[in-house]
Amino acid sequence: MSNPVEFIVTLAPGASAVEVSAALHGHGFQSTSVLHELSMIVGLADPDNAKAIASVHGVAAVEPSQTITIPPEGPQ
Amino acid sequence: MAIMEDPDKMISHMLESVDIDTLVDSDMGLETGRRIVTFQPDTMDAAMASIRDVTGANVAMSSDFDGQDIDVAGVSGAGALVFEELGIAVLDEGVGSGIAEFSTNTVGVFASNEPEIFMFPSGVNLGEYLRGFAAAAARIRDDLASGGLADSESEDLSAAVSGATWGINQVRASTSRFSGIGIKIAILDTGFDFHHPDFVGRPIIHSSFIAGESTHDGHGHGTHCTGTAAGPKFPPGRIPRYGVAFEGRIFIGKVLSNAGFGTSASILAGMNWAIANRCEVISMSLGGGGGPFVYYTQAGQRALDASCLIVAAAGNASRRPGFIAPVGSPANSPTIMAVAAVTHNLTMSSYSCGGPQIEIAGPGSDVYSSWPMPVRYKTISGTSMATPHVTGCAALLAQTTGLRGNNLRIRLRHIARPLSWPPTDDGSGLVQAIQ
């Protein structure tokens, strides 16, 4: 996998994380963690595969992970 | 004013006649009104005679106490207290004036005559402390003028009078009967300083979602936010109260590194953990651009479905009045409660993001709270600071009403104090602690 990007895959209601994860693997998605409480799968994939990943049955959304920071301290 | 009177009463008296900003900005020390005189060597008897003869003061001697262990209450009413081992006397306000005039004309008895100064622990933001004190005193005065306080609230007067941050006073946590006991509060941030002395004995559940880093707070932000949400009711020494839900059950999720960075994945992992632990209130003083993202919106909904309420900072990208930046993510998700920031004057903080997603506001500017040792305390600003005020108030409300999730969110907005700003700035207004 060249230039893998971290994606957050949100599952559709009722979808099985195990089954979706297996299906995602077939599209080059490498799962790194499953967040059961949130019904999400985190993993790495080539950005060019994002559309294919989004079309997998049981996937509600595929979004890239973003960098989060502490909001720069406000002026006093 | 009798010698050794309660310093809080002395501060209150002083604040009636001074402008705090001028006082803080000046180079003058904060004088108590009393005088400290030092004696020339071997002049104890002459000095004592001078004090009695010139002022007629009732003099208390340190040798009057066993082992010179002075009982402060035991010397109330004395006009002067002499520390015999030091050759120094502390003189009451009126007594000191008389000695001041006398000592300039008397050679060989008094070596110096100087004002007594208020002392504060290092790390205290003096302006913050005094504003909080003045606000507390004014609130008590107003309450008494409007008909007085119920007996059950009298116990909390000591906290308000002895000092609390301006934020604690403005959200009325200082007069609330509630503590957040039994309510789980998750702080998803840079971790926590578990060695902070203000939290000794407080059980804390914690987990790190940053690879290679423990939950110890190597940044400071997480410790500060935790302090605001759940710091002690009576911090040691003269430190003002800075925490809302002082008996809340603390859950620390390290989702930001010691450098202050994380990813959506680390944040979501922390949210997942907090929801799995059924934390009634989840505080997130962090953000990024873009969104709203489906994953944050779903996470927020999952939280609500699990009777958890997520509270998040709106962001600090504005430069008011000219530029109001949109609310950042995750706060801009409709299932997450977005918090704006106000100053001690209850004006909008210049940096506070705005938009239809804003639901409520909290004290955000010049907020004093805990910080990792050895610094111990620090004053910083941001919607990050406003958020844990809301978190703590939500915990108090959850404790007393049994409300959870969206019902908790709705009630918290309902009891907020309306301010004069549009809803896109402060939502329902300034968060308030249930009384």
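Leaving aside its neighbours within four places in sequence, with which residues is V281(B) in contact? The model is predicted, and in it V281(B) contacts I183(B), K184(B), I185(B), A186(B), L309(B), V311(B), T391(B), A394(B), A395(B) and L408(B). V281(B) lies in strand β10 of chain B, which covers residues 281-284.

Helix α11 of chain B spans residues 383-401 and has 19 residues. From its first C-alpha to its last, α11(B) reaches 27 Å, close to the 27 Å expected at 1.5 Å a residue. Because 16 of its 19 residues are buried, α11(B) is largely enclosed by the rest of the structure. G402(B) follows the helix and has a positive phi, near 80°.

| Residue | Relative accessible area |
|---|---|
| V281(B) | 0% |
| C308(B) | 0% |
| C353(B) | 2% |

The cysteines raise a further point: how many disulfides does a search of the whole structure find? Over all chains the count is zero. For C308(B), the closest cysteine sulfur belongs to C279(B) and is 6.6 Å away, so the two are too far apart for a bond; the cut-off for a disulfide is a pair of sulfur atoms within 2.5 Å.

Notes: Residues are numbered from 1 along each chain as its sequence is written. Chains are lettered from A and ligands numbered from 1 in the order in which they are written. This is a predicted model: local features need pLDDT of at least 70, side-chain atom pairs count only at pLDDT 80 or more; totals for chains, interfaces and linings use all residues. Side-chain values use heavy atoms; hydrogens and water are left out. Helices (H or I, at least four residues) and strands (E, at least two) are DSSP runs, numbered from the N terminus. The expected span of a helix is 1.5 Å times one less than its number of residues. Buried means under 20% relative accessible area, exposed over 50%, partly exposed in between (1.4 Å probe, protein chains only). Contact means heavy atoms within 4.5 Å.
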